[in-house]
Amino acid sequence: MGVFVKLLDLLLFVYFFFIAIAAPLFDGQVALPKHMFHPALVDLKSWYTQEYGDYLVSEKPHFFVGLIWLELLFAWPLCVISLYAIAAGKSWLSTTCLLYGVSTLTAMVAILSEMKGSERASDKLLMVYYPFLGFAVLAILRGLLPHPGKSVSIGKRPAVSRKKRA
């Protein structure tokens, strides 16, 4: 089980690193004024919107902007903290992964439900969003697994080193 947890940590580290960079630079453009971003980043977002037909990013419905704020204020800091926890081998990584995973899974279910229900999303666009759903499930799974360095002893008491005197 230790090898599986280490592999999952490596996979989540790469994902969290990507999100730590992309969330404020790309998703931040949905919620914050455009003049705060470099023109190259604005052009990249415009290209993405046209290439994939992401109507949520271009139209900015209120629920989507709210989810972006949730990501920027709650999920992004958890992502950065989880990066540190993986790199430093902290035992509280399970907690941060569980919080991040549940938050992201909830947001992805709302976004994908809207896309499927509106029938405006192409398969190409859905393929952009589905991996985030998958990584949210992996983060939840990592949150439910014990820390690899922790030994679990249920129902055992520490041995007494000397006899009790009456």
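Hi everyone, let me start with a term: a residue is buried under 20% relative accessible area, exposed over 50% and partly exposed in between, using a 1.4 Å probe and protein chains only. What we have here is a predicted model, where local features need pLDDT of at least 70, side-chain atom pairs count only at pLDDT 80 or more, and totals for chains, interfaces and linings use all residues. Residues are numbered from 1 along each chain as its sequence is written, and side-chain values use heavy atoms, leaving out hydrogens and water.

Now, have a look at Lys60. Lys60 sits in the loop between α3 (55-59) and α4 (62-88); helices here are DSSP runs of H or I with at least four residues, numbered from the N terminus. Most residues other than glycine have a negative phi.

Glu119 also has a positive phi, of about 60 degrees, and is not a glycine. You will find Glu119 in the loop between α5 and α6 (123-144), and Glu119 is exposed, with a relative accessible area of 71%.

Let's finish with Lys45, in helix α2 (residues 39-52). Which residues does Lys45 touch? Leaving aside residues up to four places away in sequence, Lys45 touches Phe26, Gln29, Lys34 and Val57, where contact means heavy atoms within 4.5 Å.

How values were computed: Helices (H or I, at least four residues) and strands (E, at least two) are DSSP runs, numbered from the N terminus.
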